[in-house]
Structures are given as C-alpha cells and as structure tokens.
Amino acid sequence: MSSLFDHRFEHPAGSYKKIFETCEDLSEPLPATVTGRIPTFLKGSLLRLGPGLFEVGDEPFYHLFDGQALMHKFDFKNGQVTYYRKFILTDAYVRAITEKRVVITEFGTCAYPDPCKNIFSRFFSYFKGVEVTDNCLVNVYPVGEDYYAVTETNYITKVNTDTLETLKKVDMCDYVNINGVTAHPHIEKDGTVYNIGNCMGKGATLAYNIVKTPPTQKGSDHFGMSENYFVFVETPVKINLLKFLSAWSIRGSNYMDCFESNESQGTLFHIAKKDPGEYIDLKFKGAPIGMFHHINTYEDQGFIVVDLCSWKGFEFVYNYLWLANLRANWEEVKKAAMMAPQPEVRRYVIPLDVHKEEQGKNLVSLPYTTATATMHADGMIWLEPEVLFSGPRQAFEFPQINYKRYGGKNYTYAYGLGLNHFIPDRICKLNVKTKETWVWQEPDSYPSEPLFVQTPDGVDEDDGVLLTIVAAPGSQRPGYLLILNAKDLSEVARAEVDCTIPVTFHGMYKP
C-alpha cells in the first residue's frame, strides 16, 4: 500500500462544516478565474447535484440526504469557464419555500401536518396515500435526448441542462410497476439505460426488478453489470415495507426509521443473465457488509469479478451521516467515526460453473486474485473477498472508472473520493491489479466525486483528466473546479469562483 495514504491532513479548523450550509441560487453564470490551462478537448459542461438548502424557516433538515436539490454547472468555452447553479423546482422544494416549513417527509426529517388545520382534517389527510419525496439531489443522467435529476424514489425530474430550468416531474410508476429505482443506472454505448428497482412481492415481501429503458434515437453503482450478466448485492440492511407504510400513515416517521438490519443474513450475491433476462438460481453468500457503490464488474474465464466499496459488518452506515455528526468539531467527528463500520475496497469472484461434488474446495482459479468461492454441503457457495484497499477510517468512495471503454470489462484503474472519518478531503486513484495508490490533497480543501474524461486520442486506460468540484471555505475564492491528470493526479488547471459551493454527490460530464 502506498505511503501516500498515511500523509493525511487533520481538520481542527472545522472548515468542512461550510459544505453543509445553505447557499443561494445564482441569477446568472459567474466567470471563473483560471490558473493553468484548460484542455482544449473540454468543450461541454460538468453537471453536479447535491443538497443546497439545509433548513426551511426555523425547521432544519436533519440528514445529509435531506437538503433540497441544487444543480451545479461548470461550462467550458474557449479555455474560459463559468459557474452556474439553480435549485430544482421539485414539489418538496416549492412547497417548503411557499409554506416556510418542511412539507414533505425526507430521508431523515419528518414533515408534520400543517398546524393550522384542525384535528379531523389532519387525521383524514393521513390516509390519502403516502406522499413520497421528489427531492432529486443525488444524480443526473441522460435518457435518450433528455436529462433527468434523480434520487432513490419513484419520482425523477426532467431538467434543461443548458438553463438548469426544471421541466417536469415524472412518476416511474406510470410506466413500470415499482416503488423506486436507484440513482445509479448503467448506460450502454447505444444509450440503453439499465436500472434496478423494487416492488411488493408475494406476502408483502420485497422483490427486485431490473428496468430497461431502450434508447429513443441514437445508438454504477447499486448493482453491477458485466457484458452478459447483472450482479445484485443484497446487504443485510433493508427497508421494512410494512413498517414503512404503517409508520407513515399513523405517526411522524421518516425513511431512516424504517431500515432494519438482519445480522444473521450476511450478504447475498444474486446473478441474472442479461439476454435473455433470467435469474440464475445459485446461492452465493458472504460476510455482512454495507455498500453504496459498485466500482466495476467483468467476466473472465468463466468467473464474474465484482469490485465494490464496502463497509464491514451489518450496521447501517447512513446512521453516521446525520448533519449534526458531520458538522461537529473535528475531535467529535473522529470519535463518532471510530464507532462506524470500517470501509474497504473489495473484490469478490463468482464462479459461473459450479459442481456440487466440489465441496470445501476453492472454485476460483483466476491466477491474479486471492478471492475464494467455496461450496458448502447445502449447495450455498461462500465468497471470501480480496481486499484491494484498506486504511483505518479512510474510505475510497464515490468510485469512477474509464466507464466508456472499460465499463463491464477487465480494467486497471479506479478513481475515488477519499473520506477521512466521513469528511471528503482527497482524490484517490487505485490500481486494482497492483494495489498502488495516488492521492491529491490540499489543506482545508474538500473535493467531490472525480469524473473521468478521456483524452480524445488517448490510448492508455488512464489517458484523460479528472474533474472535481472543490470547496475551500477559508480561501479568497472559496469554490473551484479542479482538473487533474488522471495518470498521476497532478494538477492541470483550476477555475475558481467567488462563492461557496456545498457538498455534491454525483454528476456527469456532458460533452
């Protein structure tokens, strides 16, 4: 392991608290001050989403995933850069602003009925159906010619990526029988979008569905997709649907109250064939982990290799993402993180050809990995991972790869946002074959997920740049777009703006 990860900044000044503070819309794009040279092939926009409004009137939002959706955009034109942002006019946002209170329950914040209504009308309004939030603060992705901002519920919001105007709210339930889809689709070269959702199965159990959206014209994460297979990793943490529905209708409750962790379940790995779509009835199981993001999944010599960002154990990591935790003083932040599950980048290898008689024997014969798969007497195959990266309280998260060329294929490099006790304070690169790491870091600077953009005539897998938005709250210009060389994480250029920029989750480069 590279010693670079040992070179860590402490954050006693606590300037990271600023990335969890409310900011304003911009009425027009701001010009950025560029140092270095913007690569000539960057001609489009970097689009990012995250929370921008952390309280309404005197009512706070409590969880990192509750702040109202703000869309950010850095535009590249002739070596110049501008920055623009606008709140997405979701029902959750518009009604909160209008009524000056939290109107729709968010992930970790309850909405209470309007105090002006009398007890009877309040009681009856509870049974009009569950109001699910459309606060699309997690990601933005294309479907055909259009772009949608998304969260993990059934609502997605169509946006104009040039003006950042909100166009319309779309309910996925009008098209497919699901309760919600993830904010992390897989997109094939022809524009086909694959996602995973859930619906009520038999006896109020949870069933999972793969949803395929074909491209209209032209030809990462919560689940993996190789060339021919889907891999869905079912962790011990689930939302209890019955609790969810009853809690919602009877008393003030939020999504976080409805999660349960099944300590004895462990982690289940489900595989399905892509074409024709069919579930493969083999039982693959591993020790319990928490997980938000797959890095990449590919097939090799009769095996599926699954690389993911894991958190050891069955405890729900979202429990550590309450805003009060993240805004605490540095010593408190560290103390809380010491209790949290330990992050690790893991490689699991799933054998496609399994024989019952090979009990107790390691079924993995790939020469380059220590990951194992062992058949038990009951037909269950136990998976032990290879650890690709591990540092105490240091997570490699929000992973990205050269997705256009290497998504679903045997690859070498992953890029990630380094979380130091949950505070995002560096950009990392990991060679998954040699485990070598590279790091970019500056004092009191808080970057976001790095997006990889290929150099047009690039030959190597890492010929390209990484784009990340960095908050540097103590600086004269407190926010900037940073462009790094993907080979060695050296700085290519930065474009600084005269305004603070809050935390962002995911986004895309639109050429």
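Predicted model: local features only at pLDDT ≥ 70, side-chain atom pairs only at ≥ 80, totals over all residues.
Leaving aside its neighbours within four places in sequence, which residues is Phe76 in contact with?

Residues are numbered from 1 along each chain as its sequence is written, and side-chain values use heavy atoms, with hydrogens and water left out.

**View 1. Phe76 and the largest nonpolar core.** Beyond four places in sequence, Phe76 is in contact (heavy atoms within 4.5 Å) with Ile38, Leu42, Lys43, Gly44, Ser45, Leu46, Val81, Leu467, Leu481, Ile483 and Tyr509. Phe76 and Leu467 touch the most other members of the largest nonpolar core, which has 100 residues. Such a core is a set of buried Ala, Val, Leu, Ile, Met, Phe, Trp, Tyr and Cys residues joined through side-chain atoms within 4.5 Å; buried means under 20% relative accessible area, exposed over 50%, and partly exposed in between, with a 1.4 Å probe and protein chains only. Strand 33 (residues 464-471) gives the most to this core, with 6 residues. Helices (H or I, at least four residues) and strands (E, at least two) are DSSP runs, numbered from the N terminus.

View 2. Strands 28 and 29 (residues 413-420) pair over 5 bridges, and Gln400 has Tyr415 as its bridge partner in strand 29.

**View 3. Histidines from the record.** An unreviewed UniProt entry places the feature "binding site" at His184, His293 and His506; positions follow the numbering used here, feature names are shortened, and annotations may be inferred rather than shown by experiment. His184 sits in the loop between strand 12 (180-181) and strand 13 (186-187) and is buried at 5% relative accessibility. His506, in strand 36 (residues 506-510), is buried at 4%.

**View 4. Aromatic pairs.** Rings of Phe, Tyr and Trp (its six-membered ring) pair if their centres lie within 6.5 Å; planes under 30 degrees apart count as stacked, over 60 as edge-to-face and the rest as tilted. Phe65 and Tyr318 form an edge-to-face pair, 4.8 Å centre to centre with 70° between the planes, and both are buried. The ring centres of Phe259 and Phe316 are 4.4 Å apart and their planes at 40°, so this pair is tilted.

Terms used: Pairing = 2+ DSSP bridges.
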